[in-house]
Amino acid sequence: MSGIKYEHHNMSSVFGAICPFKIVFDIAEPDSMANWHKNPEIIYITKGEGSVLCGSQSYNAHKGDVFVINTETIHNVLSNGNMEYWFIIIDEKFCRDNGIELESYSFEPLISDNETETAVTRIIDIYQNRDTDNPKLCAAKLRCAVMDMLVHLCGHHAKYIPEKMPIANSDAYVRKAIVFISENYNRQLTSDEIASDLGITKYHLVREFRKYTGETVISHLNKVRCTKARQMILGGYSVTQAAMECGFESVSYFSQKFKKIMGISPREYIRNIRK
């Protein structure tokens with residue numbers, strides 16, 4: 001099995017390589033998938049309520065809250081669709097090139113203070129007004145704003161750790177399970193097989209997986225399969241072909257899970273594409 005790197009987001013930017021930041025507005029859903037990446041992530045809640053799962057801890061999320069996701073930390077944003085937020089992912093190389101070694105800092109997961117909120121909203125404002133500003137000047141402003149926020153977070157909301165802390169065993173097992181699922185979703189797969197591949201008991205896997213991701217092993221597997229099947233349908237595959245290629249035993253079971261996860265049946269999804 002491959003290593004445990006799992007980059008859920010690419011780092012494409014409207015400014016190109018000069019501003020290696022991904023800045024996105026999103027709406028939290030109840031069935032989003034847990035992920036992690038080497039790059040630090042800032043989550044800013046702008047509306048509604050929900051929860052943010054960070055490592056093995058779940059935090060209530062409200063308007064104005066800022067969450068800082070440490071490098072390589074499993075996380076998820078969950079809500080019933082009434083919580084809106086921005087996330088900012090910063091290329092760890094940008095941090096390192098500017099003198100901030102992320103491995104030396106352990107950030108507070110939840111921050112609720114005016115200074116941090118102001119630093120984050122400044123980045124979002126610059127990004128949203130990018131079309132009306134001088135592009136080169138806007139890029140320079142954005143780089144400065146991101147650095148100001150990072151310096152503030154490192155100075156006021158992080159513990160300095162000279163040596164990198166090892167990843168907890170349970171955390172590592174869950175990461176490996178997620179990678180194993182992403183590499184084997186297209187065949188028959190059970191919790192027993194995944195646990196056996198990791199060298200742990202099924203009970204330990206099921207317990208730790210839910211603790212770190214907020215979902216069961218099988219629900220995560222079905223989300224991965226349905227997401228892959230949706231991509232295949234977009235590419236021209238039939239519902240039956242997509243279901244079989246993604247490891248579902250029957251089309252009816254696939255349709256049931258697809259509708260539960262995506263909120264629409266596969267055939268309705270195809271009709272919407274054709275429209």
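A nonpolar core is a set of buried Ala, Val, Leu, Ile, Met, Phe, Trp, Tyr and Cys residues joined through side-chain atoms within 4.5 Å. The views below show a predicted model.

**View 1. The largest nonpolar core has 37 residues.** Within this core, I181, I194, L205, F209 and F254 touch the most other members. Two or more core residues come from each of α4 (169-184), α5 (191-198), α6 (202-213), α7 (217-234), α8 (239-245), α9 (251-262) and α10 (266-274). Helix α7 gives seven residues, the largest share. In soluble globular proteins, nonpolar side chains tend to be buried together.

**View 2. Surroundings of F254 in the largest core.** Leaving out residues up to four places away in sequence, F254 touches C226, A229, I233, V239, A243, F248 and P266.

**View 3. An open sheet of three strands.** The strands run in the order β4-β3-β6, with antiparallel pairing. Because β4 (57-62) and β6 (75-78) are the edge strands and each has a single partner strand, one side of each is left without a neighbour in the sheet. From one strand to the next, the twist averages 20 degrees.

**View 4. Pairing of β3 with β6.** Strand β3 (residues 49-54) is joined to β6 by four bridges in the antiparallel sense. At L53, the residue standing opposite in β6 is N76.

**View 5. Cysteines C95 and C138, with their closest cysteine sulfurs.** A disulfide is a covalent bond between the sulfur atoms of two cysteines. None is found in a search of the whole structure. For C95, which is in no disulfide, the nearest cysteine sulfur is that of C154, 7.9 Å away. C95 counts as buried because its relative accessibility is 0%. The closest cysteine sulfur to that of C138 belongs to C19; the distance is 7.7 Å, which is too far for a bond. C138 has 1% relative accessibility and so also counts as buried.

**View 6. T73 in the loop between β5 (66-69) and β6.** T73 has a relative accessibility of 16%. Buried means under 20%, so T73 counts as buried. A polar atom of the T73 side chain lies 3.1 Å from the backbone oxygen of N70. Apart from neighbours within four places in sequence, T73 is in contact with N35, W36, C54, G55 and R175.

Terms used: Residues are numbered from 1 along each chain as its sequence is written. This is a predicted model: local features need pLDDT of at least 70, side-chain atom pairs count only at pLDDT 80 or more; totals for chains, interfaces and linings use all residues. Side-chain values use heavy atoms; hydrogens and water are left out. Buried means under 20% relative accessible area, exposed over 50%, partly exposed in between (1.4 Å probe, protein chains only). Contact means heavy atoms within 4.5 Å. Two strands pair if DSSP finds at least two bridges between them. Axes are lines fitted to C-alpha atoms, for helices over the stretch in contact, and angles run from 0 to 180 degrees between N-to-C directions. A disulfide is a pair of cysteine sulfur atoms within 2.5 Å. A polar contact is a pair of N or O atoms within 3.5 Å; within protein, one must be able to donate a hydrogen and the other to accept it, and residues adjacent in sequence count only if both atoms are side-chain atoms.
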